[in-house]
Amino acid sequence: MKFKVLSDIESVGIVPLVVLEDAGKAAPLAHALCDGGIPIAEVTFRTEAAAKAIKIMAEECPDMLVGSGTVHNVDQAWATLDNGGKFVITPGFNPKVVEWCLKHNLAICPGTVTPSDLEQALDFGLEVVKFFPAAAYGGTKTLKALAGPYASIKFVPTGGVNLDNLSEYLSLKNVAAVGGSFVPDPKMVKAEDYEGISSACRDILKKVKDIRS
């Protein structure tokens, strides 16, 4: 199954990982990401503010691709959809969450790391999956090896992906986008340096375009 949301994310190439303790920062952060040219936010359910932050971002920036991350169960997937989220990213392959998202036409990018995970993804008709934790499971070397038997699948590697190795991942044909806490910089979020976040996004986006060109 091909989701337009995931295709749109692939066109940008970067999935900002957002961890907010305070939902009050959601609106200015959303605008900062959009102003920086990366109108995407994976708001993780690592904090209690996640659902509210998704709702605020979705309302403040309707054209922004706001979704959830670190989703472990159907309740969190439901909270994503109920608050205006457009996609769900999970750390591992949870068939119940995948099935629920597909049933409700909510874009799902489940975590995978083994051929068995990818076989499940194929059974569900998925074309884009997360590869996590990327560095711990061989990084680009593993992704290259998976490209042969799983040529129809594209990956969103996270976990150990950073500005130093960004080009190694984005240069691979089977990498749709990369995710990580390098954007937005947690220190900038804490300091509420939204202009700095926008500037950093523009720099990263230029780097992505240079790599892909």
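Biologist: Which residues touch the most other members of the largest nonpolar core?

Modeller: This is a predicted model, in which local features need pLDDT of at least 70 and side-chain atom pairs count only at pLDDT 80 or more, while totals for chains, interfaces and linings use all residues. Residues are numbered from 1 along each chain as its sequence is written, and side-chain values use heavy atoms, with hydrogens and water left out. A nonpolar core is a set of buried Ala, Val, Leu, Ile, Met, Phe, Trp, Tyr and Cys residues joined through side-chain atoms within 4.5 Å, where buried means under 20% relative accessible area, exposed over 50% and partly exposed in between, with a 1.4 Å probe and protein chains only. The largest such core has 79 residues, and those that touch the most other members are Ile9, Ile14, Leu29, Val43, Met57, Ile108 and Val178.

Biologist: With which residues is Met57 in contact, leaving aside its neighbours within four places in sequence?

Modeller: Contact here means heavy atoms within 4.5 Å, and Met57 is itself listed among the core residues that touch the most other members. Once neighbours within four places in sequence are left aside, Met57 is in contact with Val18, Ala26, Leu29, Ala30, Ala41, Val43 and Val66.

Biologist: Is Ser68 buried or exposed, and what is its relative accessibility?

Modeller: Ser68 is found in strand β3, residues 65-69, where strands (E, at least two residues) and helices (H or I, at least four) are DSSP runs numbered from the N terminus. Not counting residues up to four places away in sequence, Ser68 touches Glu42, Val43, Phe45, Ile54, Thr80, Phe87, Val88 and Ile89. Ser68 counts as buried because its relative accessibility is 0%.

Biologist: How far does the backbone oxygen of Gln76 lie from a polar atom of the side chain of Thr80?

Modeller: Thr80 lies in helix α4, residues 74-82, and is buried, with a relative accessible area of 0%. Beyond its neighbours within four places in sequence, Thr80 is in contact with Phe45, Ile54, Gly67, Ser68, Gly85, Phe87 and Val88. A polar contact is a pair of N or O atoms within 3.5 Å, of which, within protein, one must be able to donate a hydrogen and the other to accept it, residues adjacent in sequence counting only if both atoms are side-chain atoms. Between the side chain of Thr80 and the backbone oxygen of Gln76, the distance is 2.8 Å.

Biologist: Which residue caps the N-terminal end of α5?

Modeller: Helix α5, residues 95-103, has Val97, Val98, Trp100, Cys101 and Leu102 as its buried residues, and what covers them includes α4, β4 (87-89) and β5 (107-109). At the N-terminal end, a side-chain oxygen lies 3.0 Å from the backbone nitrogen of Lys96, and the residue that provides this cap is Asn94.

Biologist: What is the phi of Asn105?

Modeller: Asn105 is found in the loop between α5 and β5, and counts as exposed because its relative accessibility is 62%. Its phi is a positive value in a residue other than glycine, near 55°.

Biologist: How many disulfides does the structure hold?

Modeller: A disulfide is a pair of cysteine sulfur atoms within 2.5 Å. The sulfur of Cys34 is 4.1 Å from the closest cysteine sulfur, in Cys61, and is therefore too far for a bond. Cys109 is in no disulfide either, with the nearest cysteine sulfur, that of Cys101, 11 Å away. The number of disulfides in the structure is zero.

Biologist: What is the omega of the cis peptide bond that joins Phe132 and Pro133?

Modeller: Pro133 lies in the loop between β7 and α7. The peptide bond from Phe132 to Pro133 is cis, and its omega is about -10°.
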